[in-house]
Amino acid sequence: MNNLSCFIVEDDPQAYAYASSIIKQYDNISIIGNSDKINEAADHIKELRPDFIILDVFLIDGNAFEFLELFDSIDFKIIFTTSFAKYAVDAFKFSALDYLLKPYSEQELITALDKVSENIQKENYQLQLNTLLQNFSSKETSKKIVLKNADAMHIIKTEDILYAKSDNNYTTFLLTNEKEILVSKPLKSFDEKLSPLNFFRVHQSFLINLTHISSFNKRNEEVILNETHAIPVAQSRKKNLIDLIEKHI
């Protein structure tokens, strides 16, 4: 492995001591500085130019996103850490960036460090960070999600997703413009992310956007999306779907 430099932004002395004790086990990683204040940390990082930083999401004088806005561009990788705030955790999930939920184990930090070492030259990192910042600051239900496949990294508004269809360990997204995006992740992982945003798993193989329902055919047990796409509804999920339609649509 190449030698890497690390800067730690953390306002909890115990958390700093814990993280630094683990990092010191790596011969190829050097801690070149630390700070507990966002402006001071930004100044040091611009001067020292570390390969990656460990960044606590909530600091004594602000948060990680106010900190990131102090940079014109991000040329370092980030291991985020956070103790709370589910909305922040959700923002990480949508942007496809990793984070450590405190209190994290030694092995969790080791895994994150190994990932940083392997992906230090990773492309499209700025794109993922931008998505994270947008989702964290958004007060609206609509968010953006990163869909990655072998061809590209797609930044999609969740409101533009019509449905997602399972194909074993792959998921196909159909957008409102009829574009399809195939992703090498199971539908379950997207169900967990999208269900809070007006999506519902109507069938083992289908996750639909409730805002695009045109009608529900009780006889055929199908839901019609945008007056065009007929999606099967599992018998066990029909009542819940009807309840959601009556309450929210």
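Gln107 belongs to helix α5, which spans residues 106-118. The model is predicted. Seven salt bridges turn up in a search of the whole structure. Glu10, Asp56 and Lys102 are joined in a salt-bridge network.

- The relative accessible area of Gln107 is 49%.
- Gln107 and Ile22 are 85 residues apart along the chain. Their C-alpha atoms are separated by 9.3 Å.

- Strand β1 covers residues 4-9, and strand β2 covers residues 29-35.
- The two strands run parallel and are joined by six bridges.
- Within this pairing, Phe7 stands opposite Gly33 of β2.
- Helix α1 takes up residues 13-23. Together, β1, α1 and β2 form a β-α-β unit of right-handed sense.

**The β15-β16-β17 sheet**

- Three strands make an open sheet in the order β15-β16-β17, and their pairing is antiparallel.
- β15 (213-217) and β17 (229-232) are the edge strands. Each has a single partner strand, so one side of each has no neighbour in the sheet.
- On average, neighbouring strands of this sheet are turned by 25 degrees against each other, direction ignored.
- β16 spans residues 222-225 and is joined to β17 by four bridges. These two strands run antiparallel.
- Leu225 stands opposite His229, which is in β17.

**Salt bridge Glu10-Lys102**

- Glu10 pairs with Lys102 in a salt bridge, with 2.8 Å between the closest N and O atoms.
- Glu10 sits in the loop between β1 and α1. Lys102 sits in the loop between β7 (99-101) and α5. The pair therefore ties together parts that are 92 residues apart in sequence.
- Glu10 has 9% relative accessibility and counts as buried.
- Lys102 has a relative accessible area of 16% and is buried. Both values fall on the buried side because that class means under 20%.
- The network that holds Glu10 and Lys102 also includes Asp56.

**Salt bridge Lys37-Asp36**

- The side chains of Lys37 and Asp36 form a salt bridge at 3.2 Å, N to O.
- Lys37 is partly exposed, at 41% relative accessibility.
- Asp36 is partly exposed too, at 28% relative accessibility.

**Salt bridge Asp75-Arg49**

- Asp75 and Arg49 form a salt bridge, and their closest N and O atoms are 3.1 Å apart.
- This pair links distant parts of the chain, 26 residues apart. Asp75 lies in the loop between α3 (64-68) and β6 (77-82). Arg49 lies in the loop between α2 (38-48) and β3 (52-56).
- Asp75 is partly exposed, with a relative accessible area of 48%.
- Arg49 is exposed, with a relative accessible area of 57%. The two partners fall in separate classes because exposed means over 50%.

Technical notes:
Residues are numbered from 1 along each chain as its sequence is written. This is a predicted model: local features need pLDDT of at least 70, side-chain atom pairs count only at pLDDT 80 or more; totals for chains, interfaces and linings use all residues. Side-chain values use heavy atoms; hydrogens and water are left out. Buried means under 20% relative accessible area, exposed over 50%, partly exposed in between (1.4 Å probe, protein chains only). Two strands pair if DSSP finds at least two bridges between them. A crossover is right-handed if, with the strands pointing away from the viewer, the path from the first strand over the helix to the second runs clockwise. Axes are lines fitted to C-alpha atoms, for helices over the stretch in contact, and angles run from 0 to 180 degrees between N-to-C directions. A salt bridge is a side-chain nitrogen of Lys or Arg within 4 Å of a carboxyl oxygen of Asp or Glu.
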